[in-house]
Amino acid sequence: MFDLQNIRKQFPILSRKINGKDLVYLDNAATSHKPLHVLDSWQKYYTEINANVHRGIHTLSQIATEEMEHSRRKVQKFINAKNDFEVIFTKGTTEGLNLIAYSLNNLVKADDEIIISHLEHHSNIVPWQMLCERTGAKLKVIPMDENGVLQLDFLDKNLSEKTKIVSVNQVSNALGIINPIEEIISKTRANSNAITVVDGAQSVPHQKIDVQKMGCDFFVFSGHKMYAPMGTGILYGKEEILRKINPFHGGGEMIATCTFEKTTYADLPFKFEAGTPNVGGNISLGAAIDFMENIGLENIKTHENVLLNYAQKKLLEIDGLKIYGEKAMRTGVVSFNLEGVGISSDVGMILDKMGIAVRTGHHCTQPIMSFFNIAGTVRASFAVYNTLEEIDILADGVRKAQRMLS
Ligand code: PLP
């Protein structure tokens, strides 16, 4: 049974006061809070295990290795990857995307094309621009309409044998729009040999992921947005491509043999995991998966949809409030501005005085802001522990900010 009060009790930070008021935390797209189960796992690692993995034969090192590999298998199951060695630990989505962009260097030549969408976070734009600079390839962008819906006929017209990579997010962090990722992947497959990359940073916290059903070649996400510690993340890659491409980082752990003349690389996944990993974090990512699975991914999705629909209804009752992407299929996020209030950060600062945490600004998506000809939005984003009462507090707070600023 879905027991919201019991879920909230697992997040000690939610009982904090901010500026003398109960914290209303609606900045979950930036990072979510961590439940006791994850905090305990982190503390247990450092108080009882704390050893480096894979190298030592001593007991603690073996326990650390077993626990981290157990966590890898949990991630494998969580996203339904075919093999555990297709799951690579990273420090987050940004590192995952950069890793892919560097590792694919050899497969991209001058005049090849890389396609992204207008709805991307900067971390799914800049690594591809850098790859284009290194290789002479061209970046193309799937356009969107006024509702933030991607115009997929662009793919029909632009996919060709020149297309080497198509990289799109499953859910937009700025607007919460759910992109038709399976359709994008099947169009790409039908019309090119391009490698498909999915940025799952904003989808993993809210819905069940099945990378085999999705059919993508790569899927990346951050742990810290799904109740795990910061500095954790996952890069999933299909075995045949991971075997073909070069590693991004060189160093310890990722070699099979090393001489001054030549190095051979370790087998998957270690070829892509140079250096000491975030062992405690990676183990605690497994604990975050336990937390989500114990509640049930369908229950999380249903609850968050109730929150989103209620927030949309309450906020649209406010005169002069515009929600961006209002008519599109969305999850987890309401992004809005108040007419006549030029600067979203002013609204954010007033809300903060009332204990309400939202994000304001461009949300690392400047091209989206340019499209709407705005500097930024106020973004409220939800997690499983948020309540309808918190949305009432948000709506009252926005009304108050509007009165103060107009
Ligand atoms: N992609 C999307 C859609 C995001 O929302 C974010 C973070 O907000 C990122 C990528 C980058 O994630 P991180 O900063 O955890 O690497």
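Is F372 buried or exposed?

1. F372 is buried: this is a predicted model, and in it the relative accessibility of F372 comes to 13%. Because the cut-off for buried is under 20% relative accessible area, F372 falls on that side of the line. F371 has a relative accessible area of 27%, so it counts as partly exposed.

2. It is worth looking at these two residues together. The count of aromatic pairs comes to 11. F371 and F372 form an aromatic pair with an edge-to-face arrangement, the ring centres being 5.0 Å apart and the planes at 85° to each other.

3. For the aromatic residues elsewhere, please have a look at one cluster in particular. It is made up of F11, Y227, F291 and Y385.

4. Now to the ligand. Around it you will find T93, T94, H121, S123, N173, D199, A201, Q202, S222, H224 and K225. By class, this shell holds 8 polar residues, 2 charged ones and 1 nonpolar one.

5. A polar side-chain atom of Q202 lies 2.7 Å from a ligand oxygen, and an N or O atom in the side chain of S222 is 2.7 Å from an oxygen atom of the ligand. T93 contributes through its backbone, with an N or O atom 3.4 Å from a ligand oxygen. The ligand taken alone exposes 390 Å², and the protein buries 85% of that.

6. A last point on location: the ligand takes up the space of the second largest pocket.

Methods
Residues are numbered from 1 along each chain as its sequence is written. This is a predicted model: local features need pLDDT of at least 70, side-chain atom pairs count only at pLDDT 80 or more; totals for chains, interfaces and linings use all residues. Side-chain values use heavy atoms; hydrogens and water are left out. A residue is near a molecule or strand if one of its heavy atoms lies within 4 Å of it. A polar contact is a pair of N or O atoms within 3.5 Å; within protein, one must be able to donate a hydrogen and the other to accept it, and residues adjacent in sequence count only if both atoms are side-chain atoms. Accessible areas come from the Shrake-Rupley method with a 1.4 Å probe; for residues, only the protein chains shown count as cover. On a 1 Å grid over the protein atoms alone, a cavity is a set of points where a 1.4 Å probe fits but cannot get out, and a pocket is an open set with protein on both sides within 12 Å along at least five of seven lines; lining residues have an atom within 4 Å of a point. A molecule sits in a cavity or pocket if more than half of its atoms lie within 2 Å of its grid points. Ala, Val, Leu, Ile, Met, Phe, Trp, Tyr, Cys and Pro count as nonpolar, Asp, Glu, Lys and Arg as charged, and the others, Gly among them, as polar. Rings of Phe, Tyr and Trp (its six-membered ring) pair if their centres lie within 6.5 Å; planes under 30 degrees apart count as stacked, over 60 as edge-to-face and the rest as tilted. Buried means under 20% relative accessible area, exposed over 50%, partly exposed in between (1.4 Å probe, protein chains only).
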